[in-house]
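This briefing is meant to be read beside the sequence and the coordinates. It starts with the chain as a whole and then moves to a helix, the sheets, the cores and some local backbone features.

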Amino acid sequence: MRMRGENQKLKLLYLAKIMQEQTDDTHALTMPQIIEELGRYGIDAQRKSVYDDLDALDFFGIEIIRDKIGFRTYYHCGSRDFEIAELKILVDAIQSSKFISEKKTEELITKLEKSLSIYDARLLNREVKVTGRVKNMNESIYYTIDAIHTAISENKAIEFKYFSWNIKGEEEYRRDGASYQVSPWALHFDDERYYLIGYDHEKKEMHHFRVDKMRGVEVTASKRKGKSEFSRQDKAKYNEQYFRMYGGDVQTVTLKCRNSMANVIYDQFGHDVHLIPVDDDHFTVKVSVAVSSQFLSWVIALEGEAQIAGPESVKKQMRVLLEKKFVEE
């Protein structure tokens with residue numbers, strides 16, 4: 001443990017810590033209080049030297065505001081890297097995200113709190129309740145994402161195992177446990193999950209993979225493949241087509257919708273789609289999507305406010321789905 005006086009060389013650092021932690025727009029310290037706080041760290045300080053140090057912090061970029069009230073001057077930190085409102089948004093996003101575990105949630109919020117004074121940090125200590133939100137218990141996703149970013153920046157392929165959940169809630173590896181060889185080209189965040197868009201070396205085509213179902217990701221020495229295949233794709237269009245990132249053949253589907261569905265269509269497919277009026281109450285729209293059960297179920301959930309008008313092959317798929325029994329007799 002350092003003896004009193006040994007911390008003198010760290011005085012400026014401790015002064016910055018005191019000002020950032022204990023002051024904000026509604027909390028300030030007088031010079032005697034600052035000197036007293038420095039003393040708690042074993043630092044002897046004189047007014048003149050502290051004045052100079054506060055000026056140094058201000059010059060460095062840690063804004064020090066001086067307010068003279070009566071015969072006393074009060075000092076506090078001004079602008080910071082993040083405003084409290086901005087940090088609240090980040091905290092809400094972290095707490096409500098499914099792919100961030102409870103443990104990592106606490107760690108990230110604690111780090112964000114260090115950007116504020118101890119007083120404002122208490123305002124971040126709040127629970128965001130989101131119905132039906134389940135936290136991911138596996139923290140390996142952070143290392144997986146890091147490995148993917150590394151591979152993309154170094155133009156390297158990756159190797160990993162990919163699994164599905166079985167009826168016992170166990171991880172069951174696909175391809176009989178064989179490793180996937182994939183060239184990563186982009187990460188996409190959709191429906192609160194991360195997806196990798198990459199070129200599958202075995203199937204020789206672009207595919208998407210749920211990042212939280214990838215295990216043992218390693219960056220290989222092999223150069224990436226599939227550049228031309230990826231370049232031919234409009235990434236934004238790819239994300240829209242693969243509805244909720246489920247597979248299926250990409251087709252142009254015509255929907256006939258009630259006018260009240262315009263907002264739903266724009267929210268789902270973007271504002272590049274063209275709504276064509278049919279009558280006073282309806283419009284049609286052509287969308288390019290991967291026709292999957294997920295897409296068809298989305299149409300069903302609109303309770304007849306949107307109907308599949310074409311092509312016939314997709315209408316047939318919908319009829320087959322509707323003929324299936326969803327309730328046990």
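In this predicted model, the secondary structure of the chain comes to 12 helices and 13 strands. Buried residues make up 39% of the 329 residues in the chain, and the accessible surface comes to about 20,100 Å², of which 50% belongs to carbon and sulfur atoms. Among the contacts between residues at least 6 apart in sequence, 63% join residues at least 24 apart.

**Helix H3 and its surroundings**

- Helix H3, which covers residues 47–60, has 14 residues, and the distance from its first C-alpha to its last is 20 Å, close to the 20 Å expected at 1.5 Å a residue.
- The buried residues of H3 are Val50, Asp53, Leu54 and Leu57, and because they cover an arc of only 100° around the axis, they are placed on the same side of H3.
- On the face of H3 that is turned away from its buried side, the exposed residues are Lys48 and Phe59.
- H3 is followed by Gly61, a residue whose phi is positive, near 130°.

**Sheets and strand pairing**

- Strands of a sheet pair through backbone hydrogen bonds, in either a parallel or an antiparallel sense.
- Three strands form an open sheet in the order E1-E3-E2, with antiparallel pairing; strand E1 (29–30) and E2 stand at the edges with a single partner strand each, so one side of each is left without a neighbour in the sheet.
- Within this sheet, E1 and E3 pair in the antiparallel sense over two bridges, and the bridge partner of Leu29 in E3 is Tyr75.
- Elsewhere in the chain, strand E10 (residues 249–258) runs antiparallel to strand E12 (residues 282–291) and is joined to it by 10 bridges, with Asp249 standing opposite Val291 in E12.
- E10 also pairs with strand E13 (residues 306–310), again in the antiparallel sense, over four bridges, and here Thr254 stands opposite Gly310 in E13.

**Nonpolar cores**

- The largest nonpolar core has 26 residues, of which Ile158, Phe160, Leu196, Phe209, Val211 and Met214 touch the most other members.
- Two or more residues of this core come from each of helix H4 (84–96), helix H5 (102–113), helix H7 (140–154), strand E4 (156–165), strand E6 (180–190) and strand E9 (214–223), and H7 gives the most, with six residues.
- When its neighbours within four places in sequence are left aside, Phe160 is in contact with Ser179, Tyr180, Val182, Phe209, Met214, Arg215, Gly216 and Val217.

**Backbone features and loop residues**

- Most residues other than glycine have a negative phi, and most peptide bonds are trans.
- Asn155 has a positive phi of about 60° although it is not a glycine; Asn155 is found in the loop between H7 and E4 and is partly exposed, with a relative accessible area of 31%.
- Arg175, which is likewise not a glycine, has a positive phi of about 55°; Arg175 lies in the loop between strand E5 (171–173) and E6 and is partly exposed, with a relative accessible area of 22%.
- A cis peptide bond, with omega about 0°, joins Gly310 and Pro311, and Pro311 has its place in the loop between E13 and helix H12 (312–322).
- Lys114 is found in the loop between H5 and helix H6 (118–121) and has a relative accessible area of 68%, which means that Lys114 is exposed, the cut-off for this class being over 50%.
- Lys114 and Gln20 are 94 residues apart along the chain, while their C-alpha atoms are separated by 8.7 Å.

Conventions. Residues are numbered from 1 along each chain as its sequence is written. This is a predicted model: local features need pLDDT of at least 70, side-chain atom pairs count only at pLDDT 80 or more; totals for chains, interfaces and linings use all residues. Side-chain values use heavy atoms; hydrogens and water are left out. The expected span of a helix is 1.5 Å times one less than its number of residues. Buried means under 20% relative accessible area, exposed over 50%, partly exposed in between (1.4 Å probe, protein chains only). The arc is that of the directions from the helix axis to the C-beta atoms. Contact means heavy atoms within 4.5 Å. Accessible areas come from the Shrake-Rupley method with a 1.4 Å probe; for residues, only the protein chains shown count as cover. Two strands pair if DSSP finds at least two bridges between them. A nonpolar core is a set of buried Ala, Val, Leu, Ile, Met, Phe, Trp, Tyr and Cys residues joined through side-chain atoms within 4.5 Å.
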